[in-house]
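This report walks through a single model, topic by topic, for a reader who is new to such structures. Please keep the sequence and the 3D view open while reading.

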Amino acid sequence: MNSHEFVAQLVEEMDRLFAQLGETDTLESESEGKVDVVTLLRLALKSELEASELAGSWMSTTPEVEAKMALAAQCGDEMRHYALISDRLVELGQDLSGFDALADGHSPLYQYLRGLRTTVERIAAGPFASEAIAQIRNAQFVNFCRQVGDSKTADLYVDIIQPEEAHHHLLGRQVLEKYATTPELQELAAAAARNTLAIADELRNLAAKTTGVHNIPVS
Ligand SMILES: [Fe+2]
Ligand SMILES: [Fe+2]
């Protein structure tokens with residue numbers, strides 16, 4: 001299989017998985033049922049921070065220059081998302097002085113991602129799969145914000161954050177299309193993407209619903 005066919009197949013596999021999600025599933029999974037705008041924005045701060053830290057840490061140890069560019073851009077964007085979300089929380093009356101998004105430690109997904117060593121695994125798990133999950137989660141969050149009348153938070157996501165997450169995913173896809181060219185590399189990339197889907201907090205509700213992609217054991 002050539003790399004373009006391989007990536008298209010991975011995208012299809014993810015889309016099939018996402019199609020099984022109920023309209024607030026990612027939000028309920030992520031917040032353990034506490035679906036409200038402030039809780040979800042606070043959780044988003046942790047996701048943005050972890051995404052930025054990972055992209056930054058990978059950038060210096062990923063040799064291919066296209067991958068470095070994707071990771072460097074992502075590192076900066078995610079930290080800007082962190083700042084925008086913080087500002088919105090303050091507007092909503094939250095006091096973030098002394099707030100530490102990582103007070104409970106990093107997520108299981110972050111721990112897994114930190115261990116990835118090859119470019120195709122990092123890009124498949126990070127920009128490609130994690131950013132696809134972010135887009136699904138954010139789309140559900142936007143719908144939820146509109147339902148509860150918070151159009152300003154919805155607009156922040158629709159106008160700024162969501163298009164940038166889509167761009168990160170696209171960059172990841174392009175890097176994979178360039179480098180996932182052999183069966184061995186494709187196997188590494190597919191396993192990293194599937195493990196990411198299996199571990200992500202946002203997809204926890206799917207575990208009970210699915211067999212197939214979601215029960216692939218985590219190494
Ligand atoms: Fe982000
Ligand atoms: Fe992103």
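## Empty space inside

A cavity is a set of grid points where a 1.4 Å probe fits but cannot get out, whereas a pocket is an open set with protein on both sides within 12 Å along at least five of seven lines. Rolling a probe the size of a water molecule over the atoms shows where empty space is left. The model examined here is a predicted one, and in it the count comes to one cavity of 30 Å³ or more. The space in the largest cavity is about 30 Å³, and its lining is made up of E23, T24, Q140, N143, F144 and Q147. Sorted by class, this lining contains one nonpolar, four polar and one charged residues.

## The largest pocket

The largest pocket holds about 890 Å³ of space. Its lining consists of 42 residues, and those that lie nearest the centre of the pocket are L43, K46, S47, E50 and E202. When the lining residues of the largest pocket are divided by class, 19 are nonpolar, eight are polar and 15 are charged.

Which helices supply at least two residues each to the lining of the largest pocket? They are helix 2 (25-31), helix 3 (37-59), helix 4, helix 5 (108-114), helix 6 (119-147) and helix 7. Of these, helix 3 gives the most to the lining, with twelve residues.

## The site of the iron ion (ligand 2)

The iron ion (ligand 2) is coordinated by E78 (OE), E131 (OE), E165 (OE) and H168 (ND1), with distances of 1.8 to 2.3 Å. This site is likewise described as tetrahedral, since the angles among its four donor atoms are 93 to 134°. In sequence, the donors of the iron ion (ligand 2) are spaced E-x52-E-x33-E-x2-H.

The two metal sites can also be considered together. The iron ion (ligand 1) and the iron ion (ligand 2) are 3.6 Å apart, and E78 bridges the two of them.

## Cysteines

How many disulfides does the structure hold? The number is zero.

Is F6 buried or exposed? F6 lies in helix 1 (residues 3-18), and because its relative accessibility is 6%, F6 counts as buried. From F6 to H167 there are 161 residues in sequence, and the distance between the two C-alpha atoms is 20 Å. H106, by contrast, is found in the loop between helix 4 and helix 5, and its relative accessibility of 28% means that H106 counts as partly exposed. The C-alpha atoms of H106 and S47 are 9.4 Å apart, although 59 residues separate the two along the chain; S47 is also among the residues that lie nearest the centre of the largest pocket.

Most residues other than glycine have a negative phi. E32 has a positive phi of about 50° although it is not a glycine. This residue, E32, has its place in the loop between helix 2 and helix 3, and since its relative accessibility is 66%, E32 counts as exposed.

Definitions and conventions:
Residues numbered from 1 in each chain as written. Chains lettered and ligands numbered in written order. Predicted model: local features only at pLDDT ≥ 70, side-chain atom pairs only at ≥ 80, totals over all residues. Heavy atoms only, no water. Donors = N, O, S within 2.8 Å, 3.2 Å for Na, K, Ca; no water. 1 Å grid on protein atoms, 1.4 Å probe; cavity = no way out; pocket = protein on both sides within 12 Å on 5 of 7 lines; lining within 4 Å. Points joined across faces, edges and corners; volume = space filled by probe spheres on them. Helix = DSSP H or I, 4+ residues; strand = E, 2+ residues; numbered from the N terminus. Nonpolar A, V, L, I, M, F, W, Y, C, P; charged D, E, K, R; others polar. Disulfide = S-S within 2.5 Å. Tetrahedral: all angles 85-135°; square planar, octahedral: opposite > 155°, others 65-115°. Buried < 20%, exposed > 50% of the residue type's maximum accessible area, 1.4 Å probe, protein only.
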